Amino acid sequence: MKTRFLLPHQFKKIGLVLFVFGFIGWLWGQFGGSARMIQNLVNPKGTIATYHPLAQNQHELNVAFLSITFFGFLLGLALLILSKEKNEDEYSQKIRLESYQFAAFFQFALILILLISIFITRSDLMETLIVELGLFFILLYWIVYLVRFNFLMYLNKRALKRS
C-alpha cells in the first residue's frame with residue numbers, strides 16, 4: 001500500500017525542532033517570561049520609563065509571542081505526525097493505523113469520563129472551559145498517537161537489534 005499523504009522523512013527533524021522550541025517558548029511565555037523580556041527591552045536596568053513604542057504595546061507583543069510559539073508547537077506536531085519513517089513499510093503503516101485507533105478510543109473514553117463526572121457533580125465546568133477543553137482533547141489525540149506510534153516503533157527496532 002502506497003502512502004500518498006505523508007511528507008518526506010526530512011520534515012520529521014524540522015517538526016521535532018519546532019515542536020520542542022514552540023512548546024518550551026509557549027510554557028515560558030505562559031509563566032511570564034516573555035512579559036519580563038519585553039519589559040526589560042522597554043525599561044532596562046529599572047530606569048524610569050520614557051516614551052517607547054514597545055511600552056505602548058507590551059500586552060500585544062506578549063500575545064503575539066505566545067501565538068507564534070503555540071503555532072510553532074502545532075506546526076511541529078503536525079510535521080512529526082505527517083512525516084514518513086526512514087524505512088516506511090507495511091509494518092510501520094500497520095502501527096500507524098493502530099495508533100490512530102488507540103488515540104481515538106483513548107480520547108473518546110476520556111471525554112466520556114469527563115462528561116459523566118460533570119453530570120454527576122452537576123459542575124459548571126463545561127460552560128466555562130468548553131473552548132479550552134476542546135483544544136486540549138484535540139491536542140491530546142495527536143500527542144497520544146505520536147507517543148504510542150514512536151514507542152511501538154522503538155520497541156520494534158530494539159527487538160530487531162536483539163535478534
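**Salt bridges and surface patches in a predicted model**

The side chains of Glu85 and Lys12 meet in a salt bridge, with 3.1 Å from N to O. This pair links distant parts of the chain, since Glu85 sits in the loop between helix 4 (58–82) and helix 5 (90–121) while Lys12 belongs to helix 1, 73 residues apart. Both Glu85 and Lys12 are buried. The model is predicted, and the mean pLDDT of its chain is 80, with 75% of the residues reaching 70 or more.

**Salt bridges**
- The count of salt bridges comes to three.
- Glu88 forms a salt bridge with Arg96, and their closest N and O atoms are 3.1 Å apart; Arg96 is buried because its relative accessible area of 6% falls under 20%, whereas Glu88, at 21%, counts as partly exposed.
- Glu98 pairs with Lys94 in a salt bridge whose closest N and O atoms are 3.0 Å apart, and both residues lie in helix 5, four residues apart, which is about one turn of the helix.
- Glu98 is partly exposed at 29% relative accessible area, and Lys94 is likewise partly exposed at 46%.

**Surface patches**
- Lys13, Lys86, Lys157 and Lys161 gather on the surface in a patch of positive charge; of these, Lys13 is found in helix 1 (residues 10–30) and is exposed, with a relative accessible area of 59%.
- Leu16, Val20, Phe23, Ile24, Leu27 and Phe31 make a nonpolar surface patch of about 560 Å², and Ile24 is found in helix 1.

**Confidence**

Definitions and conventions. Residues numbered from 1 in each chain as written. Heavy atoms only, no water. Patch = residues over 30% accessible without salt bridge, like charges linked within 9 Å, V, L, I, M, F, W, Y side chains within 5 Å. Areas by Shrake-Rupley, 256 points an atom, 1.4 Å probe, with all protein chains shown as cover. Salt bridge = Lys/Arg side-chain N within 4 Å of Asp/Glu carboxyl O. Lys, Arg positive; Asp, Glu negative; His and termini not counted. Charge placed at Lys NZ, Arg CZ, Asp CG, Glu CD. Helix = DSSP H or I, 4+ residues; strand = E, 2+ residues; numbered from the N terminus. Buried < 20%, exposed > 50% of the residue type's maximum accessible area, 1.4 Å probe, protein only. pLDDT = per-residue confidence, 0-100.
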